[in-house]
Amino acid sequence: NLGMAERDPEMHALLQEEVKRQNDGIILIASENFTSKAVMQAVGSHLLNKYSEGYPGVRYYGGCRVIDKIETLCQQRALKAYGADPEKWNVNVQALSGAPANFAVYTGLVPPGGRLMGLDLTCGGHLSHGFQTPTRKVSATSMFWDTRSYRLNKDGFIDYDSAYELAQEFKPDMLICGYSAYPRDLDYKRFREIADSVGALLLADVAHFSGLLVSGLMNSPLEYADIMTSTTHKSLRGPRGGLIFSRKEFSDAIDDAVFPKMQGGPHNQTIGGISVALHEAMQPEFKEYSKQVLKNSKKLADSLMKRGHTLVTNGTDNHIILWNLRPHGLTGSKYESISNHTNVTLNKNTISGDKSALTPHGIRLGTPACTTRGYTEDHIEDVAEFLDRICKEALKIQKERGKKLAAFNQGVEESDEVKKISLEVS
Ligand code: PLP
């Protein structure tokens, strides 16, 4: 029974390379994190050998005695962790990830061709909430349902008034709130009022700030929403997976959508890993961790603004910072090219007014991963300094090389300052 190093040296070498990349660099991707060894043990365990189509107590395979207990434990922990009253809420833990979780909600509750309304992708919404351009339905959500998007106001905050007006005109069957790139908390009461004004269901997708929610540091949508979806691998620090909480009147339709409509056998190794992550997230240390995520995020925002940079909404309430590079005349794509060479990992992001997701003017930064690595405000001051130096170097290279990305990238490879930052970061 050989290990990977002996059985498959090629794959083993690549794995070691990726482990080194993760350990050596500064990870500022807002949706990434480092799971615990305990979570990894569950994900790489015997649980991945088992088929168990169906739900606890009603399976299409034999041998599910233990799997039933594990899935039930995961459900109980999920309800407890998010403070969902088990008298009113159920949770499905089988969705393979966040986008399939959302798709299952639509499949279960909105007829094909029905109307969905979420935050526009370029304003920080997620693809799975629907996205189409005048020529292309980019998200499958927009192929199978009729989708329209609400937007941000000129200050970068969600424009609840225009969302209300759009709802009156579009009459959605489901209103979706939640985001992938928005640095503020949400007003769920307001969303509920908008949904009620047109008789829509309200879905809250808490994927990004899930861990902060469990720690009680963000507003909870449970008082107002009909359904709440989440990923488990971002601020919650679990394995890649999805959760769907639903008020009991909707739970059968959602379970039926996940299996048999959309999926076959659940990934039991993931369900085991989510159980462990939820257990960890209910410990006092996790609450301290989440508080530090917020302190670090605020510190990073302040340190960047102190250096003269512009942030969408001028700050943050959560783990996300959206950096607007437009005042510098720089794209997020160019910034990302440089930072890739310096072992600072982050991502370009659209900000309001961008025409292209490939050459947007924003950078999204997040603090969950570096906080897991033990960063406090002092380390964050250094991170801000690196980010500022990368920005200055990008502007210098752009000035020398002009606007073309290929020429710009050649400049990045030749830059002594980029090599210097890379060494300092490692
Ligand atoms: N919902 C939101 C708000 C997200 O930010 C994401 C991922 O970034 C998803 C859903 C999709 O999750 P996954 O990538 O696990 O499918």
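**Reading contacts, burial and helix packing**

User: Leaving aside neighbours within four places in sequence, which residues is asparagine 324 in contact with?

Analyst: Two residues are in contact if their C-beta atoms, placed from the backbone, lie within 7 Å. Beyond the neighbours within four places in sequence, asparagine 324 is in contact with Thr310, Leu311, Val312, Ile351, His361 and Gly362. This is a predicted model: local features need pLDDT of at least 70, side-chain atom pairs count only at pLDDT 80 or more, and totals for chains, interfaces and linings use all residues. Residues are numbered from 1 along each chain as its sequence is written.

User: Where does asparagine 324 lie? Is asparagine 324 buried or exposed?

Analyst: Asparagine 324 lies in strand β12, residues 320–324. Strands (E, at least two residues) and helices (H or I, at least four) are DSSP runs, numbered from the N terminus. Asparagine 324 counts as buried because it has 21 C-beta neighbours inside 10 Å. The cut-offs, with C-beta atoms placed from the backbone: 20 or more others within 10 Å is buried, 12 or fewer is exposed, in between is partly exposed.

User: How far apart are asparagine 324 and methionine 4 in space?

Analyst: They are 44 Å apart, C-alpha to C-alpha. In sequence, 320 residues separate them.

User: How do I read a pair of helices?

Analyst: Two packed helices are described by the angle between their axes and the distance between the axes. Axes are lines fitted to C-alpha atoms, for helices over the stretch in contact; angles run from 0 to 180 degrees between N-to-C directions. Take helix α15 (residues 377–401) and helix α16 (residues 405–414). Their axes come within 9 Å and cross at roughly 125 degrees. Therefore α15 and α16 are oblique to each other. (Under 35 degrees is roughly parallel, over 145 roughly antiparallel, 65 to 115 roughly perpendicular, and the rest oblique.)

User: Which residues of α15 and α16 meet?

Analyst: From α15 come Ile397, Gln398, Glu400 and Arg401. From α16 come Ala407, Phe408, Gly411 and Val412.

User: What about helix α12 and α15?

Analyst: Helix α12 (residues 284–306) packs against α15 at about 40 degrees, with the axes 9 Å apart. That angle makes α12 oblique to α15. On the α12 side, the contact is made by Lys295, Asn296, Lys299, Leu300, Ser303 and Leu304. On the α15 side are Glu377, Ile380, Glu381, Val383, Ala384 and Leu387.
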